[in-house]
Amino acid sequence: MVKINMDMIQTIGLAVILLLIGMKLRKKIKFFEKYCIPAPVIGGFLFSIFVFILRQTNVAEIKFTDTLQKFFMVMFFTSVGFNASLKVLKKGGKKVLIFLFVAAGLCILQNAVAVGLSKFVGLPPLLALMTGSTPMTGGHGTSAAVAPTIEALGPAYKGANAIAIASATFGLIVGSAMGGPIASRLIKKHKLLPEHFVKDGIQHGDEDIDEEVLKRQKPYLDGERFSMAFFYILIAMGIGSYLSIFIDYLMSFTNFEAHFPIYIGPMIIAAIMRNISDNSEIFTAPTREISVLEDVSLNLFLAMALMSLKLWELIDLAIPMLILLIAQIVLIYLYLNFITFKAMGSDYDAAVIVSGHCGFGLGATPNGMKSVREKYKYSKIAFFVVPVVGALFIDFANVSLITLFISFFK
């Protein structure tokens, strides 16, 4: 068997090629577009299948250098930290705050179900955790970041990365398919549209929405602002790395054994920097440019994570993983109907929010909301609340909760 070792530069070069291939295939193949499969997942996963075939046929074994993968992982989560603006949360109003708690509650239950069923399916709790909120609410980005931490704990956790990535892909497809039908059933069952959406020609609930939170200026390429965005991220990464070390040091004095992921400190520092920027004139964080760099770092990180996926580790874990994933589907169905819908007001807007929550609660973009809007009518509240929580806050909350679960069951 030929052994191929790719260095740091070769690894990132291949990752970019696979990312571009994924972009092309996403445009040409309707399945990928319909279920919102990210381009780096398409290119990286196809290459991991190629590597799997080479290995299984004893032709070649390819190994990659993960230095830049770790760098872009930390960069991505640091950028996520810059989204945690208390000022934005406050401007979003009561509905946003309620939905944030509802979404965080789902994360807790997703992890609890995974860990609770681990003994039944014969998996270690932390391995089963890789079918919980890590891939479901977190998607591919959180999966590719958290799973290696689990695998590093020892041979018993072999396959954590493959389970998390496969579960995230499963969640994308199921989440995209479920959201619309669940919302549609609620609308018909409770006869929501005539009574609750339009009243005297006025769209219900619009008066409570502060659209300034979602307004975006026309994109303007400013090299200096992009440079500052990159510098702010690097500063948060640098200071945050020391914070992570300090947190681990403090935890060593307790009976609660924990080793926090390296991106936790940078996320916290980034959140602090964002809120200082929002509430003072010390500096102004270029948030739009940081958001662009967040997408870039996520794409590169995911491409490298997916192309190095060890698919052969899934063979013996397929049946336990399937049982755990079916349990997650049952959980989110019940949670959306009895928690999300009722907590958000049990009206038409709540039904549309349910479709969106089904989307990002299973790792997908909330395209269920799009189908509901096309079939019925537009919900201004839903299309405000879901993006604010799904894009700005839930990743920060989810990663924090995952870290606590890992620390407790480690």
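Does leucine 100 count as buried or exposed, and what is its relative accessibility?

**Figure 1. Leucine 100 in helix 6 of the predicted model.** Leucine 100 counts as buried, because its relative accessibility is 14% and the limit for a buried residue is under 20%. Leucine 100 belongs to helix 6, which runs over residues 94-116, and, when residues up to four places away in sequence are not counted, leucine 100 touches Leu89, Val389, Phe393 and Ile394. Phenylalanine 396 stands 296 residues from leucine 100 along the chain, yet the C-alpha atoms of the two residues are separated by 11 Å.

**Figure 2. Helix 1 and its buried face.** The 21 residues of helix 1, residues 8-28, should span 30 Å at 1.5 Å a residue, and the 31 Å between the end C-alpha atoms agrees with this. The buried residues of helix 1 are Thr11, Ile12, Leu14, Ala15, Leu18, Leu19 and Gly22. Seen down the helix axis, these buried residues fall within an arc of 160°, so they line one face of helix 1. On the other side of the helix, Ile9, Lys24, Lys27 and Lys28 are exposed. The buried residues of helix 1 pack against helix 3 (39-56), helix 4 (67-81) and helix 14 (287-307). At the start of helix 1, a side-chain oxygen of aspartate 7 comes to within 3.2 Å of the backbone nitrogen of isoleucine 9.

**Figure 3. Leucine 18 and its surroundings.** Leucine 18 has its place in helix 1, where its relative accessible area of 6% makes it a buried residue. Apart from neighbours within four places in sequence, leucine 18 is in contact with Gly43, Gly44, Phe47 and Met307. The C-alpha atom of leucine 18 is separated by 8.7 Å from that of leucine 46, a residue 28 residues apart from leucine 18 along the chain.

**Figure 4. Serine 79 and asparagine 83, each with glutamate 294 among its contacts.** Serine 79 lies in helix 4 and is buried, with a relative accessible area of 0%. Leaving out residues up to four places away in sequence, serine 79 touches Ile233, Ile290 and Glu294. Asparagine 83 lies in the loop between helix 4 and helix 5 (86-92), and at 11% relative accessibility asparagine 83 also counts as buried. The side chain of asparagine 83 makes a polar contact of 3.3 Å with the side chain of glutamate 294. With neighbours within four places in sequence left aside, the residues in contact with asparagine 83 are Arg274, Glu294, Ala391, Leu392 and Phe393.

**Figure 5. Helix 13 and the helices that pack against its buried residues.** Helix 13, residues 264-279, has 16 residues and reaches 23 Å from its first C-alpha to its last, which is close to the 22 Å expected at 1.5 Å a residue. The buried residues in helix 13 are Ile264, Gly265, Pro266, Met267, Ile269, Ala270, Ala271, Met273, Arg274, Asn275 and Ser277. These buried residues pack against helix 4, helix 5, helix 12 (223-251), helix 14 and helix 18 (382-409). Arg274, one of the buried residues of helix 13, is also among the contacts of asparagine 83.

**Figure 6. The second largest pocket and its lining.** The second largest pocket holds about 820 Å³ of space and is lined by 35 residues, of which Asp66, Gln69, Pro148, Glu151 and Ser308 lie nearest its centre. At least two residues of the lining are supplied by each of helix 3, strand 2 (60-63), helix 4, helix 9 (139-151), helix 10 (160-189) and helix 14. Helix 9 gives the largest share of this lining, 5 residues.

**Figure 7. Positive phi values at asparagine 58 and serine 346.** Most residues other than glycine have a negative phi. Asparagine 58, however, has a positive phi, near 60°; asparagine 58 is found in the loop between helix 3 and strand 2 and counts as exposed at 54% relative accessibility. Serine 346 also has a positive phi, near 55°, and is found in the loop between helix 15 (318-343) and helix 16 (348-361). Serine 346 is partly exposed, with a relative accessible area of 29%.

Terms used
Residues are numbered from 1 along each chain as its sequence is written. This is a predicted model: local features need pLDDT of at least 70, side-chain atom pairs count only at pLDDT 80 or more; totals for chains, interfaces and linings use all residues. Side-chain values use heavy atoms; hydrogens and water are left out. Helices (H or I, at least four residues) and strands (E, at least two) are DSSP runs, numbered from the N terminus. The expected span of a helix is 1.5 Å times one less than its number of residues. Buried means under 20% relative accessible area, exposed over 50%, partly exposed in between (1.4 Å probe, protein chains only). The arc is that of the directions from the helix axis to the C-beta atoms. Contact means heavy atoms within 4.5 Å. A polar contact is a pair of N or O atoms within 3.5 Å; within protein, one must be able to donate a hydrogen and the other to accept it, and residues adjacent in sequence count only if both atoms are side-chain atoms. On a 1 Å grid over the protein atoms alone, a cavity is a set of points where a 1.4 Å probe fits but cannot get out, and a pocket is an open set with protein on both sides within 12 Å along at least five of seven lines; lining residues have an atom within 4 Å of a point. Grid points are joined across faces, edges and corners, and a volume is the space filled by probe spheres set on the points.
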